[in-house]
Amino acid sequence: MSPRRPCPVCAREIAVVGGRFARHDPPGRRTVLELVSCPGSRRIAPMMAPAERLFDPEEPPFPGQQPLF
C-alpha cells in the first residue's frame, strides 16, 4: 500500500508512488465523457520529514575518538 498525502492542487488524499503523486481526476463529477487528470497529477511529492541523524557530525560518537584523517 502506498502512502497517501493531500494533492497540492485539489487537496484530495492521493497515493505517492516513486516520489510523485499518482495520476488522478479532479474532485467532483465529470460533465463530459472526456478523461481529465488533475493538474497535480504526477507532480513531485515533497519529502515527509528529514531523516534522523545517527550522530552529530561535529561531535565524535564516543568520547576521546579522533578523526581518521
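Two strands pair if DSSP finds at least two bridges between them. Strands (E, at least two residues) and helices (H or I, at least four) are DSSP runs, numbered from the N terminus. This is a predicted model, in which local features need pLDDT of at least 70 and side-chain atom pairs count only at pLDDT 80 or more, while totals for chains, interfaces and linings use all residues. Residues are numbered from 1 along each chain as its sequence is written, and side-chain values use heavy atoms, with hydrogens and water left out.

**View 1. The protein chain has 3 strands and 0 helices.**
Its pattern along the sequence is β-β-β. Of its 69 residues, 17% are buried (under 20% relative accessible area; exposed is over 50%, partly exposed in between; 1.4 Å probe, protein chains only). The chain exposes about 6,400 Å², and 59% of that comes from carbon and sulfur atoms (Shrake-Rupley method, 1.4 Å probe). Among contacts (heavy atoms within 4.5 Å) with a separation of 6 or more, 27% link residues 24 or more positions apart.

**View 2. An open sheet is formed by 3 strands in the order S1-S2-S3.**
The pairing is antiparallel. S1 and S3 stand at the edges. Each has a single partner strand, so one side of each lacks a neighbour in the sheet.

**View 3. S1 and S2 form a hairpin with 6 residues between them.**
The two strands are antiparallel and share 3 bridges. Arg4 has Ala15 in S2 as its bridge partner. Strand S1 covers 4-6 and strand S2 covers 13-17, with Ala11 in the loop between them. Phi of Ala11 is near 70°, a positive value in a residue other than glycine. Most residues other than glycine have a negative phi. Ala11 is exposed, at a relative accessible area of 55%.

**View 4. S2 and S3 form a hairpin with 2 residues between them.**
These strands run antiparallel and are joined by 2 bridges. Val17 is bridged to Arg20 in S3. Val16 is bridged to Phe21 in S3. In the turn, Gly18 has a positive phi of about 65°.

**View 5. The largest nonpolar core holds 7 residues.**
Such a core is a set of buried Ala, Val, Leu, Ile, Met, Phe, Trp, Tyr and Cys residues joined through side-chain atoms within 4.5 Å. Its members here are Cys7, Cys10, Ile14, Val16, Phe21, Cys38 and Ala45. Two of them, Val16 and Phe21, are also bridge partners. Cys10 contacts His24, Pro27 and Cys38, leaving aside neighbours within four places in sequence.

**View 6. Ser41 and Arg42 lie in the segment after S3.**
Strand S3 spans 20-21. Ser41 is buried, at 11% relative accessibility. Not counting residues up to four places away in sequence, Ser41 touches Phe21, Ala22, Arg23 and His24. Arg42 is partly exposed, at 37% relative accessibility. Arg42 has a positive phi of about 65° although it is not a glycine.
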